Amino acid sequence: MEEQSILNGHYDQRHRGRYIAEKKHVFKWLHLRSKEVHSKKMPYDERYTPYIQRTGLLPFVQLVSRSTPHMNPCLITALVDRWRPETHSFHLPCGEMTVTLQDISMIFALPIKGQPVCMSSDSDNWREVMIGLIGKAPTQEKMSAGATYKWIQENFKKCPEDADEEVIQMYARAYLWYVISRTLFSDGTGRIASFMWLTLFAEWGYMHSWGSAALAYLYRQLDEACCRTGKGASIGGPMVLLTIWSWLRIPVGRPIPMKGKPWDDHGNSRLRAPTWAYLWDNTEVFHGESEECYLRYTNQLDLLTPEKVEWEPYGTRGNVGTGVWFQADLNRKCMQEAHL
């Protein structure tokens with residue numbers, strides 16, 4: 001009798017789930033290439049605000065520049081093992097689930113409407129172009145088109161107090177480049193910000209559909225990661241988004257939330273009020289062995305029933321089973337785009 005494939009075509013023989021189910025293989029958890037934005041290493045300057053606001057990224061930047069919850073690689077890996085590329089969804093005992101544009105808007109308040117995020121991959125004369133955009137470029141001869149996060153921190157950590165408008169714009173571009181590359185579109189190494197993302201901030205008048213781009217990038221990263229079985233296997237993309245999406249819906253690996261820290265909207269409650277990520281602004285620190293946690297999360301996901309899932313987590317002030325309520329008004333953008 002011919003063996004029945006659990007997946008189609010390209011992914012069938014290499015999927016982590018197949019190794020686990022048929023060969024009883026025990027993998028290590030995936031390394032996360034997506035990182036947090038530490039305010040001490042790359043502080044936000046309020047002089048950037050007028051420019052960032054024009055990109056539609058201000059609510060997102062307000063979130064990640066303040067704080068982001070610690071991501072859980074063991075939980076993310078357990079979910080990746082259940083990812084189906086042909087449907088772009090997690091296959092769980094309780095049914096199929098996936099991250100949607102609604103989640104992008106509610107958790108990150110990323111703009112959905114706008115021009116598609118398209119850029120040229122041509123890197124000819126990239127140093128000259130970079131100097132025109134931010135005033136500097138790495139000098140290493142064999143450097144790929146881009147810059148390390150360390151280089152960006154060293155050169156753009158603090159905007160000079162006496163900077164004119166042109167210099168402030170350069171620092172604002174460098175800051176946005178650093179943030180979106182590190183949290184949304186991390187590269188294959190997790191160390192370098194690709195030059196192509198910087199080019200999207202050459203002009204401030206364009207409103208891009210960053211939410212659509214982030215969701216597509218997440219799907220692609222999951223498609224690739226579910227077939228990574230080698231030593232040092234990793235995953236990039238918006239892992240903070242996936243982490244919070246999971247916590248809002250599934251009681252597996254969910255940290256214990258505590259009272260949120262005061263939120264400063266800088267007098268602009270329309271754009272700088274918190275998103276649903278604020279529910280996880282302050283959580284109890286979890287301690288445990290990674291290998292043990294990965295196996296436990298795997299077993300718990302295998303036993304997940306529909307009754308334990310929060311299928312519609314977005315209310316107005318709700319605690320979605322967490323026991324925590326918002327201590328500040330929810331960002332209006334989340335409410336406006338909640339039913340996409």
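## Charges over rings

In this predicted model, the charged end of Arg-182 is placed over the ring of Tyr-149, at 4.9 Å from the ring's centre.

## Aromatic pairs

The count of aromatic pairs comes to 20. One of them is formed by Phe-185 and Trp-197, whose rings are stacked, with 4.0 Å from centre to centre and 10° between the planes. Phe-185 belongs to the loop between α8 (165-183) and β6 (192-194), and Trp-197 to helix α9 (residues 195-198), so the pair ties together parts that are 12 residues apart in sequence.

Phe-185 and Trp-197 are both buried. They also belong to one aromatic cluster, together with Phe-201, Trp-210 and Tyr-217.

## Helices α3 and α8

Helix α3 (residues 58-66) meets α8 with the two axes coming within 11 Å and crossing at roughly 75°. Because angles of 65 to 115 degrees count as roughly perpendicular, α3 is described as roughly perpendicular to α8. On the α3 side the contact is made by Phe-60, Val-61, Val-64 and Ser-65, and on the α8 side by Tyr-175, Leu-176, Val-179 and Thr-183. By type, the residues of this contact comprise six nonpolar and two polar ones, with no charged residue.

Helix α3 is mostly covered, with eight of its nine residues buried. The buried residues of α3 are Leu-58, Pro-59, Phe-60, Val-61, Gln-62, Leu-63, Val-64 and Ser-65. Phe-60, Val-61, Val-64 and Ser-65, listed here as buried, are also the α3 residues that make the contact with α8.

Val-99 is located in the loop between β4 (95-97) and α5 (101-108). Its relative accessibility is 1%, and Val-99 therefore counts as buried, the limit for that class being under 20%.

Leaving aside residues up to four places away in sequence, Val-99 touches Leu-215, Leu-218, Tyr-219, Leu-241, Leu-242 and Trp-245.

Notes: Residues are numbered from 1 along each chain as its sequence is written. This is a predicted model: local features need pLDDT of at least 70, side-chain atom pairs count only at pLDDT 80 or more; totals for chains, interfaces and linings use all residues. Side-chain values use heavy atoms; hydrogens and water are left out. Helices (H or I, at least four residues) and strands (E, at least two) are DSSP runs, numbered from the N terminus. Buried means under 20% relative accessible area, exposed over 50%, partly exposed in between (1.4 Å probe, protein chains only). Contact means heavy atoms within 4.5 Å. Rings of Phe, Tyr and Trp (its six-membered ring) pair if their centres lie within 6.5 Å; planes under 30 degrees apart count as stacked, over 60 as edge-to-face and the rest as tilted. A charge sits over a ring if NZ of Lys or CZ of Arg is within 6 Å of the ring centre and within 35 degrees of the ring normal. Axes are lines fitted to C-alpha atoms, for helices over the stretch in contact, and angles run from 0 to 180 degrees between N-to-C directions. Angles under 35 degrees count as roughly parallel, over 145 as roughly antiparallel, 65 to 115 as roughly perpendicular and the rest as oblique. Ala, Val, Leu, Ile, Met, Phe, Trp, Tyr, Cys and Pro count as nonpolar, Asp, Glu, Lys and Arg as charged, and the others, Gly among them, as polar.
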